[in-house]
2 protein chains.
Amino acid sequence: MSKRKTKDLLYEEVARIGKAVSSPKRLELLELLAQGEKTVDALAVEAGIDTKLASAHLKVLKAARLVEAQRDGRFIAYRLSGEDVGALWVKLRTVAEEHLVELRVAMEQIFAAPEKLDTETRRSLMEKARRGDVVVIDVRPSAEYASGHLPFARSMPLDEIRQRIKELPADRDIVAYCRGPFCMMSAEAVALLKEHGLRAQKIADGTAEWQAAGLPLAGP
Amino acid sequence: MSKRKTKDLLYEEVARIGKAVSSPKRLELLELLAQGEKTVDALAVEAGIDTKLASAHLKVLKAARLVEAQRDGRFIAYRLSGEDVGALWVKLRTVAEEHLVELRVAMEQIFAAPEKLDTETRRSLMEKARRGDVVVIDVRPSAEYASGHLPFARSMPLDEIRQRIKELPADRDIVAYCRGPFCMMSAEAVALLKEHGLRAQKIADGTAEWQAAGLPLAGP
DNA sequence: GCAACATTCTAATAATCGTTGGAATATGCG
DNA sequence: CGCATATTCCAACGATTATTAGAATGTTGC
């Protein structure tokens with residue numbers, strides 16, 4: 001085979017991955033799946049699309065081997081086919097944040113302070129959480145917490161914060177995180193906590209960002 | 001604005017990057033640009049496409065802010081708009097190699113031994129090259145060597161190896177590298193060197209892989 | 001086996017993308 | 001200035017892709 005054709009073949013294969021991540025909805029699905037296994041229906045609801053459309057997009061992701069499906073009773077659970085897929089999503093998002101002014105502007109309008117963490121800051125946060133100097137709360141649905149979460153973080157789903165607010169200390173910093181920089185749950189949680197006079201702040205990281213930085217997760 | 005619309009906007013922005021890397025030819029152009037600045041015509045020739053088509057693809061990459069253009073006399077030089085773009089290409093290729101069986105099979109057929117390096121091996125290679133225990137040669141065109149290369153590597157373009165073969169020692173290991181795992185220049189170089197009785201082997205890394213592993217380059 | 005449900009498949013449409021040819025623009029040189 | 005070179009713009013086509021609706025498949029629990 002000619003050198004040219006061989007090369008074409010190789011790049012075409014890689015482009016299969018590129019095509020899979022070229023649709024906004026598929027990226028959203030990948031981010032959701034980075035939070036743990038989910039059924040088609042759950043994914044569709046969270047991404048705000050029809051089940052049929054979600055299924056079609058998942059099929060594309062599956063064809064690119066970025067996700068795997070497993071039937072579990074009446075449901076079919078999808079999950080990322082590897083840690084590296086989560087890392088790829090993080091890389092794409094990072095490059096987009098770095099280079100696309102439009103995205104940066106949009107994010108600044110939505111999230112007042114774009115707190116970027118470096119690995120050192122992440123490590124020291126983990127250490128403070130271990131010692132109990134700060135309380136790290138995971139405000140995602142509990143199933144997502146269960147399938148992997150930041151070390152020393154407590155599960156405190158956004159829906160439950162109102163009722164469980166007295167579980168949180170008033171004399172220590174509370175750090176909330178959710179699915180990642182595009183997720184608004186931690187911001188809502190912080191607003192809620194501040195209303196009640198607690199010292200709360202959010203970080204942009206989700207588990208995928210944490211992992212992509214080379215740090216370990218806890219659980220499942 | 002509704003939460004849904006806000007999210008859609010964010011993912012759409014990231015998908016701009018995804019769309020940019022969804023075409024095989026654009027990926028090839030990115031890999032070429034990871035070797036250093038190049039003109040439209042040089043890129044077109046190396047990628048085996050029409051100048052017009054190259055220009056069109058470069059326009060897409062530029063719109064996604066993955067590359068930058070600068071006029072330099074009669075030519076327009078394109079370059080990656082950041083190190084992270086090279087890292088994105090490496091990540092995409094790595095995920096593809098990891099998950100796409102077809103790609104792995106194709107690569108195994110072409111390149112007998114797919115030598116994957118970890119960071120430790122890379123460091124020790126660099127150390128050996130520093131001490132002179134092995135001779136690392138960069139077989140890419142000299143302009144690419146000039147715009148950044150592995151530390152302690154010598155430039156020995158594939159075209160010139162035949163004439164310059166006596167510059168290489170017969171009593172030490174010679175390690176050749178080129179543009180990356182998809183590039184065939186190092187394999188050709190090794191074949192040539194072995195014909196002349198030299199102890200040669202190749203590594204899959206190019207400068208982008210090296211950099212993505214967190215290691216420093218030398219030059220320009 | 002049948003009902004109920006979750007998911008996928010099929011078909012059809014509109015929108016987008018890759019590619020090509022021809023014309024247009026910008027630069028440097030005589 | 002006018003010419004050669006390098007690159008981009010424009011228009012057009014055929015090929016994909018996203019999306020939607022409706023039919024079909026597979027699984028569980030009775």
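Predicted model: local features only at pLDDT ≥ 70, side-chain atom pairs only at ≥ 80, totals over all residues.
**Entry 1: DNA strand C**

Residues are numbered from 1 along each chain as its sequence is written, while chains are lettered from A and ligands numbered from 1 in the order in which they are written.

Next I looked up which elements face strand C. Helix H3 (40-47), helix H4 (51-63) and strand E3 (75-80) of chain A, plus helix H4 (51-63) of chain B, each supply at least two residues of that surface. (Helices are DSSP runs of H or I with at least four residues, strands are runs of E with at least two, and both are numbered from the N terminus.) H4(A) gives the most, with 5 residues. I sorted the surface near DNA strand C by class and got 9 nonpolar, 5 polar and 10 charged. My classes: Ala, Val, Leu, Ile, Met, Phe, Trp, Tyr, Cys and Pro are nonpolar, Asp, Glu, Lys and Arg are charged, and the others, Gly among them, are polar.

**Entry 2: DNA strand D**

I then turned to the other strand. DNA strand D has 23 residues around it, and the closest are Thr39(B), Val40(B), Asp41(B), Ser55(B) and Ile76(B). Two or more residues each come from H4 of chain A and from helix H3 (40-47), H4 and strand E3 (75-80) of chain B. H4(B) has the largest share of this surface, 5 residues. By class I got 8 nonpolar, 5 polar and 10 charged residues near DNA strand D.

**Entry 3: how the two chains relate**

Two copies of a chain are related by a rotation about an axis and a shift along it. I laid chain B on chain A with a turn of 180° and a shift of 0.0 Å along the axis, and the RMSD came out as 0.0 Å. That is the relation of a two-fold axis. (The superposition is by least squares on the C-alpha atoms of residues with pLDDT of at least 70 in both copies.)

The contact takes 46 residues from chain A and 46 residues from chain B. Two residues count as in contact if their C-beta atoms, placed from the backbone, lie within 7 Å. On the chain B side, helix H1 (3-20), helix H2 (24-33), H5 and helix H6 (101-110) each supply at least two residues. H1(B) gives the most to that side, with 16 residues.

**Entry 4: H5 against H5**

How do H5(A) and H5(B) lie to each other, roughly parallel or roughly antiparallel? Their axes come within 10 Å and cross at roughly 160°, and H5(A) and H5(B) are therefore roughly antiparallel. I took axes as lines fitted to C-alpha atoms, for helices over the stretch in contact, with angles from 0 to 180 degrees between N-to-C directions. Angles under 35 degrees count as roughly parallel, over 145 as roughly antiparallel, 65 to 115 as roughly perpendicular and the rest as oblique.

Among the residues that H5(A) brings to this contact are Leu88(A), Leu92(A) and Val95(A), and those from H5(B) include Leu88(B), Leu92(B) and Val95(B). The contact of H5(A) with H5(B) has 10 nonpolar, 2 polar and 6 charged residues.

**Entry 5: H1(A) against H5(B)**

The axes of helix H1 (residues 3-20) of chain A and H5(B) come within 9 Å and cross at roughly 105°. That makes H1(A) roughly perpendicular to H5(B). I saw Glu13(A), Val14(A), Ile17(A) and Gly18(A) in H1(A) meeting Leu92(B), Arg93(B), Val95(B) and Ala96(B) in H5(B). By class, that is 5 nonpolar, 1 polar and 2 charged.

Technical notes
Near = placed C-beta within 6 Å.
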